Amino acid sequence: MAMGVRWVCSHCRRTVDAWDDGNPYFLDQNGRKQHFYHPTRLEDLPGVGPDTVFGNDSDALCLDCGHDFCIDSEKPIDACPKCGESDLADTWELNGKRCPWCKRGRFVEDPEVRMIS
């Protein structure tokens, strides 16, 4: 079961939704990503064998410019693809991080929002 939270900036109230399991995938015979989600069983995925490459696209946020994007576990990056800065955070780990949009608030969990898939 995947769990989600909503982070909210303590100053500007901008929100970011985050999931704990990211976006798991496997590479098909043509090398293309095929995403799958909970509760998919690996034996139910077409074309998956002992040599199949698995990875995870994790949602990330640039804490400098606010650009949101995915970081591939098989091809990690350490700089924002938009602005080139290295102050990046996994969206699941935004608690207490400075808001990139207003630069004044910090992210806190919205106690009113719980997501489950």
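Visitor: Let's start at Met1. Is Met1 buried or exposed?
Guide: Met1 is exposed, at 64% relative accessibility. Keep in mind that this is a predicted model.

Visitor: Where is Met1 found?
Guide: Met1 is in the segment before β1, and β1 covers 3-9.

Visitor: Which residues form the nonpolar patch on the surface?
Guide: Met1, Met3 and Ile116 form that patch. Together they have about 340 Å² of accessible area.

Visitor: Now inside. Which residues make up the largest nonpolar core?
Guide: That core has 12 residues. They are Val5, Trp7, Cys9, Val16, Ala18, Leu61, Leu63, Ala89, Leu94, Cys99, Cys102 and Phe107.

Visitor: Which elements give two or more residues to this core?
Guide: Those are β1 and β2, with β2 spanning 15-19. β1 gives the most, with three residues.

Visitor: What lies apart from that core?
Guide: Another core, of five residues. Ala60, Cys62, Phe69 and Cys80 are among them.

Visitor: Which way do β3 and β5 run?
Guide: They run antiparallel, and four bridges join them. β5 covers residues 54-62.

Visitor: And what stands opposite Asn23 in β5?
Guide: Asp57 does.

Visitor: How many bridges pair β3 with β4?
Guide: Three, again in the antiparallel sense. β4 is residues 33-35. Phe26 has Gln34 as its bridge partner there.

Visitor: What about the hairpin of β3 and β4?
Guide: Five residues sit between the strands. One feature to look at is Gly31, which takes a positive phi near 80°.

Visitor: Which residues other than glycine have a positive phi?
Guide: Arg13 is one of them, with phi near 70°. Lys103 is another, at about 65°. For background, most residues other than glycine have a negative phi.

Visitor: Where is Arg13 placed?
Guide: Arg13 is in the loop between β1 and β2. Arg13 is exposed, with a relative accessible area of 52%.

Visitor: And Lys103?
Guide: Lys103 is in the loop between β7 (88-90) and β8 (107-116). Lys103 is partly exposed, at 40% relative accessible area.

Visitor: On to charges. How many salt bridges does the structure hold?
Guide: Seven.

Visitor: Which residue meets Arg32 in a salt bridge?
Guide: Asp28, at 3.6 Å from N to O.

Visitor: Which residue forms a salt bridge with Asp44?
Guide: Arg41 does, with the closest N and O atoms 3.0 Å apart. Asp44 is partly exposed at 48% relative accessibility. Arg41 is partly exposed too, at 47%.

Visitor: What about Arg114?
Guide: Arg114 pairs with Glu109 in a salt bridge, and their closest N and O atoms are 3.0 Å apart. Arg114 counts as exposed at 55% relative accessibility. Glu109 is partly exposed at 31%.

Visitor: Which residues do salt bridges with shared partners join into one network?
Guide: Lys33, Asp57 and Asp72.

Visitor: Last topic. Where is Thr52 placed?
Guide: Thr52 is in the loop between β4 and β5.

Visitor: Buried or exposed?
Guide: Thr52 counts as buried, at 16% relative accessibility.

Visitor: What lies 2.7 Å from a polar atom of its side chain?
Guide: The backbone nitrogen of Gly49 lies at that distance from the Thr52 side-chain atom.

Definitions and conventions. Residues numbered from 1 in each chain as written. Heavy atoms only, no water. Pairing = 2+ DSSP bridges. Salt bridge = Lys/Arg side-chain N within 4 Å of Asp/Glu carboxyl O. Buried < 20%, exposed > 50% of the residue type's maximum accessible area, 1.4 Å probe, protein only. Patch = residues over 30% accessible without salt bridge, like charges linked within 9 Å, V, L, I, M, F, W, Y side chains within 5 Å. Areas by Shrake-Rupley, 256 points an atom, 1.4 Å probe, with all protein chains shown as cover. Core = buried A, V, L, I, M, F, W, Y, C linked by side-chain atoms within 4.5 Å. Polar contact = N/O pair within 3.5 Å; in protein donor to acceptor, adjacent residues only side chain to side chain.
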